[in-house]
Every structure is written in structure tokens, then in C-alpha cells.
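Student: Hi! Could you walk me through this fold while I look at it?

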Amino acid sequence: MPNLDSLLHEIGRTAALPFEQATTLPTGAYTDPAFTALEIEKLFAVDWICVGRTDEIPEPGDYLTHRIVETPVMVMRQADGSIKALVNACRHRSSELLSGSGHVAKIVCPYHAWSYDLTGDLKMAPFMGKHFDKSGVCLPELRTDEWEGWLYVTLDADVAPISQRLGSLSQRVENYRTDEQVNVHRGNEVWDCNWKSLAENFTESYHLFSSHKDTLQPFTPTQGVWCEPGDAGWNIHWMDTSRPQDKLWDDLDDATRATFPLMHAFPCHVFSLSLNRGFWMSLQPDGPHRVRVLWGVTVHRSVLPEDAEALAALKAEIATTFDAVNMEDRTIVESIARSLKSPHAAQGRLGEKERTLWEFWRYLAHTLGAPAPAGAIAAE
Ligand code: FES
Ligand SMILES: [Fe+2]
């Protein structure tokens with residue numbers, strides 16, 4: 001395995017190739033633990049991580065939990081309607097406080113029942129004795145940001161708001177009224193592949209005609225897939241659908257009904273949109289060969305059944321449909337992870353429907369500090 005410096009040089013050289021000559025990254029980018037450690041340091045520990053949707057926590061006391069690198073995080077709707085992210089670890093002896101998602105009136109530790117209000121201030125500490133002063137004890141707050149209904153948290157104090165970086169992407173997706181969708185399914189899984197392989201798989205639809213020939217290809221055929229140049233913080237490609245969707249609102253144009261975008265908000269949030277549904281994933285590495293996958297499915301409010309039985313049936317259909325598609329992808333990306341460990345693994349060429357990958361790698365090379373060869377045009 002090359003050392004990290006030579007791997008970064010190779011990545012810089014690969015990322016500097018013009019798209020017409022683009023190749024995949026050197027295999028060390030998917031297999032080298034030192035490279036994954038660098039990704040964690042330069043991307044995941046300092047950038048914005050999608051933790052879900054704001055519509056998942058509509059009422060004060062509604063919460064989501066997640067883990068960002070090694071930090072357990074809770075995101076809590078406050079009494080004044082704002083959203084606050086807090087470190088989800090007790091200030092007594094560090095038990096995790098909340099798990100999954102749900103609703104609480106106060107945050108109570110499962111270990112010795114210290115309890116905090118929704119802002120994270122300690123309110124009760126049973127049996128601690130007279131010497132203990134609970135004033136000033138509180139859960140550390142983390143920064144949050146929102147964009148088009150998605151909710152992000154960062155461990156970093158200084159990184160610029162992701163909503164700024166994605167402002168240029170809003171223009172591309174505004175017709176889909178993403179902020180009017182609500183999340184109806186949430187999954188947490190660990191897949192046996194490098195996190196980038198899954199991000200790359202999500203953001204190229206070249207493979208639909210083959211890997212998803214019975215599930216996605218009949219609706220969104222590979223023939224109608226094209227890439228549009230992205231921006232420094234994101235990439236995008238589009239799919240023509242063979243079955244334009246219903247006119248959900250009056251001023252909806254035909255192109256929006258018949259064309260769906262898939263995007264990568266760097267570093268690790270990938271999502272697709274149609275008028276009535278969205279599909280998203282938030283990825284984090286667990287070493288080079290495993291990825292923690294938080295994923296969900298959104299539905300536009302106008303097609304969300306009010307009847308409980310119909311809603312349950314819709315949720316069951318969504319779980320079945322997306323589990324099947326995920327399994328088709330998982331089979332492929334886990335096979336990639338096995339192959340890339342071989343000394344015979346090689347860098348392959350990209351086709352015209354894979355421009356998004358080239359853009360992602362240019363972002364990676366730039367952000368990780370991979371040196372560009374002399375004369376190369378640096379990524380933004
Ligand atoms: S660790 Fe939370 S109350 Fe003891
Ligand atoms: Fe796929």
C-alpha cells in the first residue's frame with residue numbers, strides 16, 4: 001500500500017485529468033486506513049452532516065439522535081420553535097441520554113436519572129448530596145443549519161453555513177418544493193463498503209438499466225440520464241421519467257413532472273427528488289471498509305394520506321420498495337469493496353453519464369489537500 005503522501009499525489013494527478021480522460025481514484029482511496037483517517041479529520045469532523053429533516057421534529061420536545069464521528073448528538077425542537085443540537089452524553093458519567101427519535105418533556109439520563117430541560121440545562125441530580133451545585137451544568141451545544149427542509153449539524157465552530165454553499169443548488173430544485181415534503185421512513189444501517197463507493201453509486205444513474213432493470217429502469221431509464229455541471233459544494237444529474245407525475249399544483253410545468261434530479265451535497269449527503277417523493281442518505285465512514293448509512297424517504301404533503309390505515313399502507317409500500325432498491329445497490333457496492341482489496345484492482349475510465357463522480361473527486365482532492373500536478377487547473 002502506498003504511503004499517504006504518494007496516495008495524495010496520485011489522487012491529485014487523477015483529479016486534475018480533464019473529464020474526457022477521467023479515471024477512477026487510486027484504490028488506496030478506498031482501502032487505506034490512513035486515508036480514511038484524513039477524510040474524517042478534514043471532512044466529517046469539520047463539515048456539515050445531515051441528521052434528518054426538520055419536519056421530523058415539529059413540536060417542542062420532539063428529537064432526533066445521530067452520531068457524528070465519535071460524538072453522540074441530539075437535535076431538539078425547543079419551546080420557542082427553534083431547533084438546537086446538543087451533545088447527547090450526560091455530564092455526570094457520560095451515558096448516552098436519548099436514543100432513536102421521539103418526544104420527551106425533559107431529557108432524563110437512563111443511568112442515574114439526572115434530568116435536563118430541552119435547552120440542555122441540568123435541572124435535577126438525585127441523591128448527589130449537599131456539596132453538589134448543579135448550576136452551570138449543561139449539555140454542550142453544537143451548530144445546526146437548515147436547507148430545503150434538511151437539517152445539518154457540525155462539530156466545527158467556524159465552517160461556513162451549508163445553506164450558503166447550497167444556495168446555488170436551490171435554484172435547481174425549487175420547482176420540486178422540497179421543503180413541503182415530509183419524512184415518512186428512516187433507516188440506520190451499516191454496509192460493508194467504503195463510504196465513497198455508496199456516494200458514487202447514488203450519484204450516477206448509468207447503472208439503472210443493469211443493476212435496477214426491474215425496479216427503476218422501467219420508470220427512469222438510463223437512456224434519459226444526463227449530468228449537468230455542478231458547483232464547488234455539490235453535483236447533480238437528471239433523469240427523464242417515462243411516466244410523468246401528476247400535476248400536484250397548478251403552476252407546475254411539464255418538464256418538472258417528467259425530470260428528476262439526483263444530487264450530492266458534499267461531503268456526505270446524497271438525495272434524489274421527484275414531485276411526490278424524495279430519497280436521501282447521510283453517510284459516514286466506519287473505517288475504510290464500512291459505511292454508516294442513515295437514510296430516509298420523503299413524501300410531498302399533498303399526497304400524504306390523512307387516514308391512518310392508508311398512511312400505514314403507504315409507509316409499508318415505501319419500506320418494501322426502497323429496501324429492494326437498496327439491496328440491489330448494496331450487493332454491488334459490497335462486491336466493489338471486496339474487489340478493491342485485490343492487488344489486481346485497477347483505475348477504470350469514466351463514461352459520459354458519470355461526470356458527477358469526477359466532480360466529487362475534484363472536490364475531495366481539493367479539500368483533502370492533494371497536490372495538483374504542475375500546469376493542472378485546480379478544482380474550486
Ligand atoms: S451518567 Fe447520567 S446520571 Fe449518571
Ligand atoms: Fe442504484
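Student: What order do the strands of the open sheet of seven have?
Tutor: The order is E11-E17-E16-E15-E14-E13-E12, with antiparallel pairing; strands (E, at least two residues) and helices (H or I, at least four) are DSSP runs numbered from the N terminus, and two strands pair if DSSP finds at least two bridges between them. This is a predicted model, where local features need pLDDT of at least 70, side-chain atom pairs count only at pLDDT 80 or more, and totals for chains, interfaces and linings use all residues. Residues are numbered from 1 along each chain as its sequence is written, while chains are lettered from A and ligands numbered from 1 in the order in which they are written.

Student: Thanks! Which are the edge strands?
Tutor: Strand E11 (181-191) and strand E12 (225-231), each of which pairs on one side only.

Student: And which elements does helix H6 touch on the sheet?
Tutor: Helix H6 (residues 195-202) touches E11, E14, E15, E16 (277-285) and E17 (291-300); contact means C-beta atoms, placed from the backbone, within 7 Å. The direction of H6 makes about 160 degrees with that of E16, using lines fitted to C-alpha atoms (for helices over the stretch in contact) and angles from 0 to 180 degrees between N-to-C directions.

Student: What about H9?
Tutor: Helix H9 (residues 308-340) packs on the sheet too, touching E11, E16 and E17, and its direction makes about 35 degrees with that of E11.

Student: Switching topic: is strand E10 buried or exposed?
Tutor: Five of the five residues of E10 (150-154) are buried, so E10 is largely enclosed by the rest of the structure. Buried means 20 or more other C-beta atoms within 10 Å of the residue's own, with C-beta atoms placed from the backbone.

Student: Which residues are on each side?
Tutor: Trp150, Tyr152 and Thr154 are on one side, and Leu151 and Val153 on the other. In a regular strand the side chains alternate between the two faces of the sheet.

Student: How many bridges does E10 make with E9?
Tutor: Five bridges join E9 (residues 141-147) to E10 in the antiparallel sense, and Trp147 stands opposite Trp150. The two strands form a hairpin with two residues between them, and Glu148 in the turn has a positive phi of about 50 degrees. Strand E1 (residues 49-53) also pairs antiparallel with E10, over four bridges.

Student: Last one: what are the domains?
Tutor: The domain assignment, which is automatic or from a database, gives domain 1 (4-45 + 170-367) and domain 2 (50-147). Their C-alpha centres lie 31 Å apart.

Note on methods
A residue is buried if 20 or more other C-beta atoms lie within 10 Å of its own, exposed if 12 or fewer, and partly exposed in between; C-beta atoms are placed from the backbone. Two residues are in contact if their C-beta atoms, placed from the backbone, lie within 7 Å.
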